Structures are given as C-alpha cells and as structure tokens.
Amino acid sequence: MRSFWKIVNEVIKESDIILEILDSRFIEQTRNKEIEDKVRAENKQLIYVINKCDLVDKELLERKKKILKPSVFVSAMRHQGTSILLRTILQFVDKKKERVIIGVVGYPNTGKSSVINALKGRASASVSPIGGHTKGRQLVKITKQVYLMDTPGVYPYMEKDQTKHALISSVDFNKVKDPIGIVYKLYDAFREILEEHFKIKTEDAEDFLEKVASKLNLLKKGNQPDIDRAARAVLKDWQHGKLK
Ligand SMILES: Nc1nc2c(ncn2[C@@H]2O[C@H](COP(=O)(O)OP(=O)(O)OP(=O)(O)O)[C@@H](O)[C@H]2O)c(=O)[nH]1
Ligand SMILES: [Mg+2]
C-alpha cells in the first residue's frame with residue numbers, strides 16, 4: 001500500500017485534472033478524503049466519476065448528483081455516460097497546453113481501469129474483479145492532446161476496516177478473516193436484495209446464512225450447514241456485482 005500511495009502522490013502532482021472514481025453503491029465510503037485533500041492542496045481540478053451505475057437505482061443517484069460537483073455518472077461496463085464524461089473532462093482542459101494528463105485515482109476495485117477502457121473505446125488497461133489489481137501507473141492516450149493515467153487503488157493510510165473493504169470489494173472474499181460478520185452487516189443493509197437474489201425468505205442474518213448453505217448444498221460433517229462457506233459464497237456474488 002505504501003508504494004501504491006507513492007505512485008498516487010506522484011500522479012496527483014503530475015496531472016492537470018484528477019478523476020476520482022467512486023462506486024455508486026458506496027459513494028461516500030469510497031471517497032478518499034486524503035486524496036481529495038491532496039488534490040485541493042495542489043490546486044488541481046477534481047471530477048467525481050460515479051461508476052457502476054448499472055448496479056443502483058437512478059433516483060438515488062439524482063439526489064447525490066446535487067451534492068458532489070462536478071460529478072458524472074457512468075457505467076464503464078455498459079459504456080454508459082462516457083461521452084458526457086469526456087465532454088466534462090474537455091471543459092477543464094487548457095487548450096493551449098500541448099499535452100494534458102488526467103490522473104485516475106480512487107479506492108481499489110471502483111473501476112478506474114474500466115473507466116479508462118470505456119473512454120478509450122477498447123481494452124487498454126487491465127481489469128479484475130479482485131481489488132489491488134493495478135500495481136503501477138499506465139498512460140493511455142485518448143485524444144491527440146489528452147492522456148489518462150491509471151493508478152493502483154488506495155484507501156486512506158490509517159484505514160483498517162476489513163468489513164468496509166470487503167463490501168467495496170477491495171479485499172477478496174477468499175481472503176477476509178470474518179466472512180460471517182461481514183455478511184451480517186451486508187444483511188442489515190441490503191436484506192431484500194439478498195433474499196431476492198437467493199430466492200429465500202429469512203428471519204435474521206443467522207437464518208439467512210443457514211438457508212443459503214442448504215440452498216447451495218454447503219454442508220459440513222453431520223449435514224450441518226457450513227455457514228463460513230455460505231458467507232463466502234454470498235460475498236463472492238456481491239463482489240462480482242451479481243446482486244442488485
Ligand atoms: N457492474 C459493473 N461492474 C464494473 C463496472 N466497472 C468496473 N466493473 C467491475 O469492477 C471490477 C473492478 O474493475 P477495475 O477496472 O479492475 O477496477 P480498478 O479500480 O482498476 O481496480 P484496482 O486496479 O484493483 O484498484 C471488475 O470486475 C469490473 O468488471 C461497471 O460500470 N459496472
Ligand atoms: Mg485497475
């Protein structure tokens with residue numbers, strides 16, 4: 001993470017404009033205030049890019065749009081909103097400059113590389129469902145004058161909240177230490193979505209995991225539901241964007 005931050009700091013300094021990529025399901029939680037402070041201190045233009053819009057309700061987004069300015073909604077996956085994003089970027093581009101660098105920063109797994117590919121119109125930056133995929137910087141040309149710079153995802157330096165990191169998919173479902181506790185939190189916040197996805201009705205989080213285990217046939221010795229594996233299965237679908 002330390003070396004990732006070093007790259008992000010350099011990119012903020014070298015860029016003319018910064019795109020902060022946020023996950024539309026966790027707009028506030030994926031805002032990296034440390035990055036935003038640095039961008040402000042450098043006097044650079046920040047544009048909020050709220051990605052993965054295909055996974056949320058449109059109304060909720062409209063409300064958010066009024067708060068974060070300037071912000072653009074996109075779905076990199078569906079190539080939605082990319083022309084508006086490009087137009088917004090070009091508004092802030094200094095026409096007299098020969099080469100303009102747009103730094104693309106944010107939490108792991110918010111879709112930085114995917115947004116770059118969507119703007120470029122083809123796969124140029126490597127993408128993965130597991131956070132921490134991009135390890136270095138990469139420059140991608142989008143017009144004769146404008147270049148995008150991909151960076152590794154970072155969270156605020158002192159942040160150690162694994163539940164949050166699992167929910168925003170910056171730590172992989174296979175690697176989390178307490179999948180059950182994390183799914184309990186997910187259940188509290190998104191019970192209906194979970195029940196609909198697994199097509200079950202449940203009493204509480206414990207009951208939910210038991211029902212998922214039996215539905216997916218995840219059983220331990222003695223035919224007991226294996227709730228640890230059930231929790232990882234739920235997290236896997238969540239992290240892979242299968243729930244909406
Ligand atoms: N549903 C949905 N999934 C998306 C969208 N954009 C990206 N993803 C998925 O999110 C995951 C992460 O995408 P990346 O582009 O690798 O994210 P990143 O921010 O570059 O990640 P790191 O380099 O690991 O920090 C991949 O599985 C993408 O397919 C989107 O608009 N909608
Ligand atoms: Mg990446």
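Q: Of the contacts between residues at least 6 apart in sequence, how many join residues at least 24 apart?
A: The share is 59% in this protein. A contact means C-beta atoms, placed from the backbone, within 7 Å.

Q: What kind of model is this?
A: It is predicted: local features need pLDDT of at least 70 and side-chain atom pairs 80 or more, while totals for chains, interfaces and linings use all residues. Residues are numbered from 1 along each chain as its sequence is written, and chains are lettered from A and ligands numbered from 1 in the order written.

Q: What does the secondary structure come to?
A: Nine helices and six strands. These are DSSP runs numbered from the N terminus: helices (H or I) of at least four residues, strands (E) of at least two.

Q: In what order do the strands form the sheet?
A: S3-S2-S1-S4-S6-S5. The sheet is open, with mixed pairing. Strands pair if DSSP finds at least two bridges between them.

Q: Which strands stand at the edges?
A: S3 (71–73) and S5 (138–141). Each has a single partner strand, so one side of each lacks a neighbour in the sheet.

Q: How many bridges join S2 to S3?
A: Three, and the two strands run parallel. S2 covers residues 45–51. Val49 sits opposite Val72 in S3.

Q: Which helix packs on the sheet?
A: H5, residues 112–120. It touches S1 (17–23), S2, S4 (100–106), S5 and S6 (146–150). Its direction makes about 160 degrees with that of S6. Angles run from 0 to 180 degrees between N-to-C directions, with axes fitted to C-alpha atoms, for helices over the stretch in contact.

Q: New topic. How do the axes of H8 and H9 cross?
A: At roughly 90 degrees, coming within 8 Å. H8 spans residues 205–215 and H9 spans 227–239. Leu209, Glu210, Val212 and Ala213 in H8 meet Ile227, Ala230, Ala231, Ala233 and Val234 in H9.

Q: Where is the cis peptide bond?
A: Between Lys69 and Pro70, with omega about -10 degrees. Pro70 is in the loop between H3 (58–67) and S3.

Q: What is phi of Lys52?
A: Near 65 degrees, a positive value in a residue other than glycine. Lys52 is in the loop between S2 and H3.

Q: Is Lys52 buried or exposed?
A: Buried, with 26 other C-beta atoms within 10 Å. Buried takes 20 or more, exposed 12 or fewer, partly exposed falls in between; C-beta atoms are placed from the backbone.

Q: And what about phi of Asn109?
A: Positive, about 75 degrees, though Asn109 is not a glycine. Asn109 is in the loop between S4 and H5. With 28 C-beta neighbours inside 10 Å, Asn109 counts as buried.

Definitions and conventions. Contact = placed C-beta atoms within 7 Å.
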